[in-house]
Amino acid sequence: MKKLFYTLLVINSLISLPLFTQERNTESLSILQHLIENNIAFDSIAPMDSVISWGQQVSPILEKENRTELFFRIKQLVIYLHSLRGDIGPAIDEARLMYEKAEKMNFNLGIALSSVAIGDAYYCSNMPKEAVDSYKEAIRYPVTPSYNDYYKEITISKIISILLREGDISEAELYRNM
């Protein structure tokens with residue numbers, strides 16, 4: 001009887017654990033999408049460390065399922081959070097790998113988002129010139145369909161903000177009129 005009980009317990013665990021993990025990943029993905037759609041990096045429901053962890057958990061799944069755009073958007077979010085936490089080395093390394101992957105896939109949105117992520121890491125490292133250069137590179141890439149290019153508006157506002165802080169009002173004015 002005891003042996004049967006343990007056997008059933010093991011079988012139940014083997015069946016329910018993958019279902020629980022899949023359900024948790026689905027919930028995490030839903031929260032990550034909400035953050036991305038609302039252009040926020042974290043909130044009280046999704047603290048910074050949780051967002052990083054969830055992003056690292058769902059990224060391989062998204063890559064395997066060929067959900068390329070969402071994969072790159074989540075990678076950008078995770079890199080941004082690493083930068084905010086001060087983990088600049090890992091942020092830049094991960095952003096470069098992201099850039100190389102996007103370039104290999106010839107995925108312009110991925111290249112652009114990677115450039116934004118690199119710019120964010122530079123900005124958080126108090127390297128405004130390098131950040132602006134990366135942001136400028138990001139807005140050069142043509143992205144289709146056009147609804148995917150809202151990142152350009154956000155990136156242009158980052159460029160303007162940095163240029164104004166650095167006192168380059170004339171160049172900031174050029175980007176304001178874009």
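Modeller: Helices here are DSSP runs of H or I with at least four residues, numbered from the N terminus. With that in hand, N126 sits in the loop between α5 and α6. Keep in mind that this is a predicted model.

Colleague: Why is N126 called exposed?

Modeller: Exposed means over 50% relative accessible area, and N126 comes in at 67%, so exposed is the label. Its phi is also positive, near 60 degrees, in a residue other than glycine.

Colleague: And what makes N66 exposed?

Modeller: The cut-off is again over 50%; N66 has a relative accessible area of 63%, so it counts as exposed. N66 lies in the loop between α2 and α3, and has a positive phi of about 55 degrees although it isn't a glycine.

Colleague: Why is I40 called partly exposed?

Modeller: Buried stops under 20% and exposed starts over 50%. I40 has 32%, which falls in between, so partly exposed it is. You'll find I40 in the loop between α1 (2-37) and α2 (48-64).

Colleague: Which residues have the most contacts inside the largest nonpolar core?

Modeller: I74 and Y151, in a core of 51 residues. The largest share of this core, nine residues, comes from α5.

Terms used:
Residues are numbered from 1 along each chain as its sequence is written. This is a predicted model: local features need pLDDT of at least 70, side-chain atom pairs count only at pLDDT 80 or more; totals for chains, interfaces and linings use all residues. Side-chain values use heavy atoms; hydrogens and water are left out. Helices (H or I, at least four residues) and strands (E, at least two) are DSSP runs, numbered from the N terminus. Buried means under 20% relative accessible area, exposed over 50%, partly exposed in between (1.4 Å probe, protein chains only). A nonpolar core is a set of buried Ala, Val, Leu, Ile, Met, Phe, Trp, Tyr and Cys residues joined through side-chain atoms within 4.5 Å.
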